[in-house]
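Hello,

Please find the structure below. My notes on it follow.

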Amino acid sequence: MLDMNHQFDAHLNVQSSLAPLRVINVKPSISVVGLGYVGAVSTACLSSLGHHVIGVDIDPAKVNCIANGKSPIHEYDLERLLGQGVDDGLVTTTQDLEQAVIDTDVTFVSVGTPTAADGGCDHSYIDAAARAIGAGLKRKNDFHVVVMRCSIPPGVTMGFMAPIIEEVSGKKAGVDFGVCFNPEFLREGVAVADFYAPPKTVIGANDDRSAGIMTRIFEAVDKKPIVTSIETAEMVKYVDNVWHATKVCFANEVGRLCKPLGVDSHDVMDVFVQDTKLNLSPYYLKPGFAFGGSCLPKEVRAVAHIAKQQGVSLPLIESLGVSNATHIERAVEMARETGAKTIGVLGLAFKPGTDDLRESPILEVIAALNAEGVNVVIHDPAITPETPLEGQLAYVRHGSAGLQSLAHDLPAMMRADCADVIEKADALIVTHSNDLYRTALENAGDKPVIDLVRINANLDPQQNYNGIGW
Ligand code: NAD
């Protein structure tokens with residue numbers, strides 16, 4: 001864990017193993033590289049918090065614009081803040097990034113990362129900025145923090161930007177200079193207001209000192225920043241935006257379906273968003289196993305069917321079944337990869353605490369393995385060999401291929417004692433997270449375990465222990 005109490009203050013003693021921090025009496029000065037939508041707002045707002053900010057861009061028009069207290073973009077309240085910053089002597093601009101690095105304590109990188117020709121992320125602007133930052137660091141002795149703010153694939157900050165800076169400067173990241181990833185979540189149009197009331201502040205850092213400096217910079221607007229690893233912070237930015245895009249498409253598909261049905265989509269979604277326990281909540285948002293049970297698969301199919309009847313195309317909703325099947329298939333592949341002749345399954349129902357087997361996704365895994373000649377032994381505290389399955393089978397007659405094919409074999413696979421399953425199996429699949437299985441797995445020795453529910457968050461994936469999504 002990072003030490004959140006480590007604070008930016010030149011007057012505090014700095015650990016001797018670290019490069020000395022420049023002695024200053026004021027808040028850290030900041031160079032902002034890239035004066036576009038992100039950089040211009042950062043420049044203005046950070047100066048309003050009392051930081052000296054040097055705005056840097058290769059575009060002389062933007063550099064001159066901000067130097068004159070004018071905004072290079074249309075953004076509410078930005079010009080007022082920039083003008084104030086220039087008048088107060090807190091905002092200056094330059095095209096010379098190397099010198100700006102020498103003259104400041106922290107560099108925020110907000111150059112563009114447009115889509116590359118292959119559909120990926122174009123790193124060329126980061127490359128150029130990193131080289132100039134490295135050249136600046138080479139010429140200074142003080143500790144300096146480089147803060148990446150661009151939206152980039154996980155790994156680019158430490159795997160691409162930091163090595164260039166290290167190579168050019170001859171210095172070591174995390175020792176001679178700090179590296180952070182601080183994603184930008186401000187909405188264009190209300191970016192200035194969002195700066196002072198951010199949805200969250202995420203500081204990705206691999207060293208306490210840099211995390212402490214960033215925490216101090218943002219404490220005026222967020223006293224509880226989320227400090228995490230650089231790679232997690234990089235991924236969060238992408239995941240957030242994909243989630244927002246998913247929400248937009250979902251709501252629009254609801255609208256397209258509601259219209260021909262004569263239902264007011266805004267009434268529907270007004271009710272939908274009031275459910276903060278299941279709908280707009282962390283529920284269902286941790287990677288785990290596939291969805292299943294008697295409701296979700298059935299209703300997803302029903303909605304897709306209504307859309308088809310209405311001649312409405314709903315690619316997102318229609319793709320849910322495909323996504324779920326892909327996840328189930330991945331579990332089958334992982335079981336196959338163990339080469340086990342006998343697979344033990346801990347948890348059969350679609351969730352713990354019920355004997356409802358209808359469309360439990362693990363049944364599809366068991367059916368696939370069974371068809372390939374793999375023996376399967378199963379434990380579920382809520383299901384015994386005597387649990388009647390006929391009613392459930394009839395219910396899912398048109399839904400679950402797995403349960404149909406297993407109807408005959410399933411009772412013989414059931415074991416009353418999970419220790420029995422662990423002993424008989426060459427490899428195990430865990431589908432329920434509970435203390436019984438957590439304890440039982442301690443006796444699994446080095447048998448491969450495919451954990452579909454992250455039963456023990458402290459266990460790192462390794463050769464004999466793995467999850468689908470972690
Ligand atoms: P932008 O295109 O508006 O601005 C980028 C600026 O960087 C330009 O002014 C360009 O001249 C400058 N630049 C490029 N190379 C440079 C270099 N070597 N030295 C100095 N300046 C250089 O981009 P933006 O919209 O501000 O986005 C910047 C980054 O932040 C991108 O990675 C983007 O994905 C991310 N981001 C953007 C937003 C947003 O709302 N626009 C929000 C969050 C994150």
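**The sheet and what packs around it**

Strand S1 (residues 30–33) and strand S2 (residues 53–56) run parallel and are joined by four bridges; strands are DSSP runs of E of at least two residues, and helices are runs of H or I of at least four, numbered from the N terminus. Ser31 stands opposite Ile54 in S2. Two strands count as paired if DSSP finds at least two bridges between them.

The model is predicted, so local features need pLDDT of at least 70 and side-chain atom pairs pLDDT 80 or more, while totals for chains, interfaces and linings use all residues. Residues are numbered from 1 along each chain as its sequence is written, and side-chain values use heavy atoms, with hydrogens and water left out.

The open sheet has eight strands in the order S3-S2-S1-S4-S5-S6-S7-S8, with mixed pairing. Strand S3 (91–94) and strand S8 (226–228) are at the edges with a single partner strand each, so one side of each has no neighbour in the sheet.

Is Ile133 buried or exposed? Ile133 is buried, with a relative accessible area of 0% (buried is under 20%, exposed over 50%, partly exposed in between, with a 1.4 Å probe and protein chains only). Ile133 lies in helix H5 (residues 124–138). Leaving out residues up to four places away in sequence, Ile133 touches Leu97, Val101, Thr107, Val109, Val146 and Ile165, where contact means heavy atoms within 4.5 Å. Ile133 and Val33 are 100 residues apart in sequence, and their C-alpha atoms are 9.6 Å apart in space.

Regards
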